Amino acid sequence: MTVVNAARRKDQYESEWIYPGFAELQQQISKQIRGYGDRIGLLEEMADAYICLRFLESIFDIEADDLQKAIDVKLDQERGNLNGRN
């Protein structure tokens, strides 16, 4: 898929599905923190967010290995931040 086609596909879905999926997860997390959430609702929104991420991988032709490398870098950075705070 070309970058232009990916952008068109992204534009088609981002406002309809992707952005609301993450917003709803944020709302569920907020409810959980305040003690008003329910486990099923949280699981449903986590599933939606996971599906959104997988969809983004598809749209932008992201390989699983590349994503895992980025995750590893971010985790290493966070570990360094936590170690620096101690």
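Start by selecting Asp61: just after helix 2, this residue takes a positive phi of about 50°. Helices here are DSSP runs (H or I, at least four residues), numbered from the N terminus. You're looking at a predicted model, where local features need pLDDT of at least 70, side-chain atom pairs count only at pLDDT 80 or more, and totals for chains, interfaces and linings use all residues. Residues are numbered from 1 along each chain as its sequence is written, and side-chain values use heavy atoms, with hydrogens and water left out.

**Helix 2**

Now step back and select residues 39-59, which make up helix 2. How far apart are its end C-alpha atoms? They sit 30 Å apart, which agrees with the 30 Å that 21 residues should span at 1.5 Å a residue. (The expected span is 1.5 Å times one less than the number of residues.)

Next, colour the buried residues of helix 2, among them Gly41, Leu42, Glu45 and Ala49. Buried means under 20% relative accessible area, exposed means over 50%, and partly exposed is in between (1.4 Å probe, protein chains only).

A salt bridge is a side-chain nitrogen of Lys or Arg within 4 Å of a carboxyl oxygen of Asp or Glu.

**Over to helix 1**

Pick Gln28, found in helix 1 (residues 3-34). Gln28 is buried, with a relative accessible area of 10%. What does Gln28 touch, leaving aside its neighbours within four places in sequence? Its contacts (heavy atoms within 4.5 Å) are Gly37, Asp38, Gly41, Leu42 and Glu45.

Go on to Asp76 and Arg79 for another salt bridge, with the closest N and O atoms 2.8 Å apart. Both belong to helix 3, and being three residues apart they are separated by about one helical turn. Arg79 is partly exposed, at 46% relative accessibility.

Last stop: select Phe60, Ile62, Leu67, Ile71 and Leu75, which make a nonpolar surface patch of about 380 Å². Patch residues have over 30% relative accessible area and no salt bridge; like charges are joined within 9 Å, nonpolar side chains (Val, Leu, Ile, Met, Phe, Trp, Tyr) within 5 Å. Areas come from the Shrake-Rupley method with a 1.4 Å probe; for residues, only the protein chains shown count as cover. Zoom in on Leu67, in helix 3 (residues 64-85): this leucine is partly exposed, at 31%.

Key. Helix = DSSP H or I, 4+ residues; strand = E, 2+ residues; numbered from the N terminus.
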